[in-house]
Amino acid sequence: MRLHLLIFFALFNTPLIAQTIVYQYDNAGNRILRKQNAPLPVTLISFVAIKTTSSSEEVSGVLSWQTSTEINSDYFKIERSQDGKKWLNIGDVKANGDKSSSSYYSFIDKSPADGENLYRLKMIDKDGSSAYSRIQSLNFDPQISFYPNPVKDLLKIKGAIAGVIQLFNVSGKSVLSLGNIPANGVDVSDLPSGVYLVRITLTNGLLTIKKIVKQ
């Protein structure tokens with residue numbers, strides 16, 4: 001449904017009076033009177049998105065927003081897109097409902113897509129009407145991981161397609177170097193047990209360095 005907001009002013013030797021009338025339109029284009037003197041459900045002060053990395057090196061998108069006023073507000077839908085056309089609902093956050101003071105909310109996207117991620121809030125009223133926030137953008141480089149870790153024979157690599165892989169011991173000496181990343185993994189069975197640093201340089205210049213333990 002479409003919403004139209006009309007504001008009428010009346011002057012009859014009295015102070016200026018503003019009356020708000022909100023109309024809805026059904027799928028056939030028919031106009032339906034929704035309510036009079038209808039306040040907007042949510043006053044959004046801020047909406048920000050930042051990237052965070054956990055202790056286990058997992059990258060997430062943290063979305064935070066603040067409202068100053070909520071009237072008849074029901075909940076927030078968090079939507080994500082990579083092209084700005086197709087939007088995916090990735091979570092819901094319950095609103096405080098009716099509140100005239102500031103409220104703070106947050107949501108963590110634990111599985112962002114590789115590349116640019118667009119985020120927006122869909123603010124939904126209890127009567128079903130809704131409005132959107134402005135769009136925030138975060139860019140996530142492809143995440144490269146190694147498994148199993150500790151490893152005994154074959155080190156599998158996830159998230160890397162083309163590039164150079166190198167292994168260094170704790171002294172900084174290169175003990176293995178491959179010009180291509182094997183699709184079936186890297187054979188480390190001949191390496192002595194210990195701690196190693198794995199460095200992968202992708203063809204786009206992205207550098208990843210992580211620690212593994214060889215059993």
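**Note on the predicted model: strands, salt bridges, cores and backbone**

1. Strand β5 (residues 59–70) and β8 run antiparallel and are joined by seven bridges. Within this pairing, Ser 64 stands opposite Ser 106 in β8. The model is a predicted one, and the points below should be read with that in mind.

2. The sheet to which these strands belong is open and has three strands, in the order β4-β5-β8, with antiparallel pairing. Its edges are β4 (42–53) and β8 (103–109); each has a single partner strand, so one side of each has no neighbour in the sheet. On average, neighbouring strands here are turned by 20 degrees against each other, direction ignored.

3. Salt bridges come next; the count is four. One of them joins the side chains of Lys 94 and Asp 74, at 2.7 Å from N to O. Lys 94 belongs to strand β7 (residues 88–94) and Asp 74 to strand β6 (residues 73–81), so the pair ties together parts that are 20 residues apart in sequence. The two partners can be described by their accessibility: Lys 94 counts as exposed, at 60% relative accessibility, whereas Asp 74 is buried, with a relative accessible area of 17%. The cut-off for buried is under 20%, and for exposed over 50%.

4. Another salt bridge links Lys 77 with Asp 92, where the closest N and O atoms are 3.6 Å apart. Lys 77 lies in strand β6 and Asp 92 in strand β7, so this pair ties together parts that are 15 residues apart in sequence. Lys 77 has a relative accessible area of 19% and is buried. That value falls under the 20% limit for a buried residue. Asp 92, with 45%, is partly exposed.

5. Glu 79 and Arg 120 also form a salt bridge, with 2.7 Å between the closest N and O atoms. The pair links distant parts of the chain, since Glu 79 is in strand β6 and Arg 120 in strand β9 (residues 115–125), 41 residues apart. Glu 79 and Arg 120 are both buried. In general, side chains of opposite charge can pair when their charged atoms come close.

6. On nonpolar packing: the largest nonpolar core has 18 residues, and those touching the most other members are Phe 146, Ile 157, Leu 167, Val 198, Ile 200 and Ile 212. Two or more residues of this core come from each of β13 (154–158), β14 (163–168) and β17 (194–202). The largest share, four residues, is from β17. Another core lies apart from this one; it has 17 residues, among them Ala 49, Ile 78, Phe 107 and Leu 121. Nonpolar side chains tend to be buried together in soluble globular proteins.

7. Which peptide bonds deserve a look for being cis? The bond from Tyr 147 to Pro 148 is cis, with omega near -10 degrees. The bond joining Asn 149 and Pro 150 is cis as well, with omega about 10 degrees. Pro 148 is found in the loop between β12 (145–147) and β13, and Pro 150 has its place in the loop between β12 and β13 too. By way of background, most peptide bonds are trans, and most residues other than glycine have a negative phi.

8. Asn 72 is not a glycine, yet its phi is positive, at about 60 degrees. Asn 72 lies in the loop between β5 and β6. With 26% relative accessibility, Asn 72 counts as partly exposed.

9. Finally, Asn 96, which has its place in the loop between β7 and β8. Asn 96 counts as partly exposed, at 43% relative accessibility. What does Asn 96 touch, not counting residues up to four places away in sequence? The contacts are with Glu 70, Ser 103 and Tyr 105. The C-alpha atoms of Asn 96 and Ile 71 are separated by 9.1 Å, the two residues being 25 apart along the chain.

Conventions
Residues are numbered from 1 along each chain as its sequence is written. This is a predicted model: local features need pLDDT of at least 70, side-chain atom pairs count only at pLDDT 80 or more; totals for chains, interfaces and linings use all residues. Side-chain values use heavy atoms; hydrogens and water are left out. A nonpolar core is a set of buried Ala, Val, Leu, Ile, Met, Phe, Trp, Tyr and Cys residues joined through side-chain atoms within 4.5 Å. Buried means under 20% relative accessible area, exposed over 50%, partly exposed in between (1.4 Å probe, protein chains only). Two strands pair if DSSP finds at least two bridges between them. Axes are lines fitted to C-alpha atoms, for helices over the stretch in contact, and angles run from 0 to 180 degrees between N-to-C directions. Contact means heavy atoms within 4.5 Å.
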